[in-house]
Amino acid sequence: GGYVAVFENSSSAAGSGSMIVQTITGYPAANIPGIISIIKQQETSGTVMEYTAIPSPGIGDASGGFTATARSSGVAATTGNSLFTSVTPARTLAPEELPQDFAEVYFSKGDTLEVIRMTGPDADAATATALARTAYSKIP
């Protein structure tokens with residue numbers, strides 16, 4: 001089982017605000033390294049975003065993260081495999097169609113796997129990492 005919480009800045013124009021998505025799931029601890037591998041593969045595929053690994057926050061049994069920055073307009077989109085983003089295949093995207101930048105940090109503790117994703121103009125790895133550290137401290 002699992003939980004998802006979404007926090008959104010509603011003061012921004014539709015589609016341009018910032019969002020934080022916190023996903024908490026339970027898996028057998030032995031399966032979590034394989035699930036993290038799938039997350040990294042799925043979340044960093046496609047040609048529309050530029051992905052950069054961020055330093056591991058060093059929390060829990062396993063942790064890591066990355067940032068994603070939208071490439072400039074005129075990029076031909078391919079089918080996206082992201083858990084949170086779908087991209088229309090085989091056409092060129094206009095600037096307003098590009099996905100928003102995001103920062104994502106994941107970590108595990110025992111049989112709990114958590115992912116913190118910040119999306120939007122204010123997304124940054126340092127804040128996502130700080131949120132992940134706070135979330136980690138709340139897991140019994």
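1. In this predicted model, helix α2 has five residues that are buried: Ala125, Ala128, Thr129, Ala132 and Ala135. Seen down the axis of α2, these buried residues fall within an arc of 120°, so they line one face of the helix. The general rule behind such a pattern is that an α-helix has 3.6 residues a turn, so residues three or four places apart point the same way.

2. What does the other face of α2 carry? The face turned away from the buried side of α2 holds the exposed residues Ala126, Ser137 and Lys138. Buried here means under 20% relative accessible area, and exposed means over 50%.

3. With 14 residues at 1.5 Å a residue, α2 should span 20 Å, and its end C-alpha atoms are 20 Å apart, so the two values agree.

4. The sheet comes next. Its 6 strands form an open sheet, in the order β1-β2-β8-β7-β4-β3, and their pairing is antiparallel. At the edges are β1 (2–8) and β3 (49–53), each of which pairs on one side only. From one strand to the next, the twist averages 15°. As a general point, strands of a sheet pair through backbone hydrogen bonds, either parallel or antiparallel.

5. Two of the strand pairs can be followed residue by residue. β1 and β2 (residues 19–26) pair in the antiparallel sense over 7 bridges. Gly2 stands opposite Thr25 in β2, and Glu8 stands opposite Met19 in β2. On the structure, the reader can trace how the partners run in opposite directions along this antiparallel pair. β2 is also joined to β8, by 8 bridges, and these two strands run antiparallel. Thr23 has Val115 in β8 as its bridge partner.

6. Where do the two helices lie on the sheet? Helix α1 (residues 32–43) lies across β3, β4 (62–70), β7 (102–109) and β8 (112–119), and runs at about 20° to β8. Helix α2 (residues 125–138) packs on the sheet and touches β2, β4, β7 and β8, with its direction making about 25° with that of β7.

7. In α1, the buried residues are Ile32, Ile35, Ile36, Ile39 and Glu43. They cover an arc of only 100° around the axis, which puts them on the same side of α1. These buried residues pack against β3, β4, β7 and β8. Pro33 and Gln41 are exposed, on the face of α1 turned away from its buried side. The 12 residues of α1 should span 16 Å at 1.5 Å a residue, which agrees with the 16 Å between its end C-alpha atoms.

8. Which residues make up the largest nonpolar core? It has 12 residues in all: Ile54, Ile59, Ala103, Val105, Phe107, Ile116, Met118, Ala125, Ala128, Ala132, Ala135 and Ile139. At least two residues of this core come from each of β7, β8 and α2. The most come from α2, which gives 4 residues.

9. Ala125 is one of the residues of that core. Leaving aside its neighbours within four places in sequence, Ala125 is in contact with Ile54, Thr67 and Ala103. There is also a second, separate core of 7 residues, including Ile35, Ile36, Tyr106 and Leu113.

Key
Residues are numbered from 1 along each chain as its sequence is written. This is a predicted model: local features need pLDDT of at least 70, side-chain atom pairs count only at pLDDT 80 or more; totals for chains, interfaces and linings use all residues. Side-chain values use heavy atoms; hydrogens and water are left out. Two strands pair if DSSP finds at least two bridges between them. Axes are lines fitted to C-alpha atoms, for helices over the stretch in contact, and angles run from 0 to 180 degrees between N-to-C directions. Contact means heavy atoms within 4.5 Å. The expected span of a helix is 1.5 Å times one less than its number of residues. Buried means under 20% relative accessible area, exposed over 50%, partly exposed in between (1.4 Å probe, protein chains only). The arc is that of the directions from the helix axis to the C-beta atoms. A nonpolar core is a set of buried Ala, Val, Leu, Ile, Met, Phe, Trp, Tyr and Cys residues joined through side-chain atoms within 4.5 Å.
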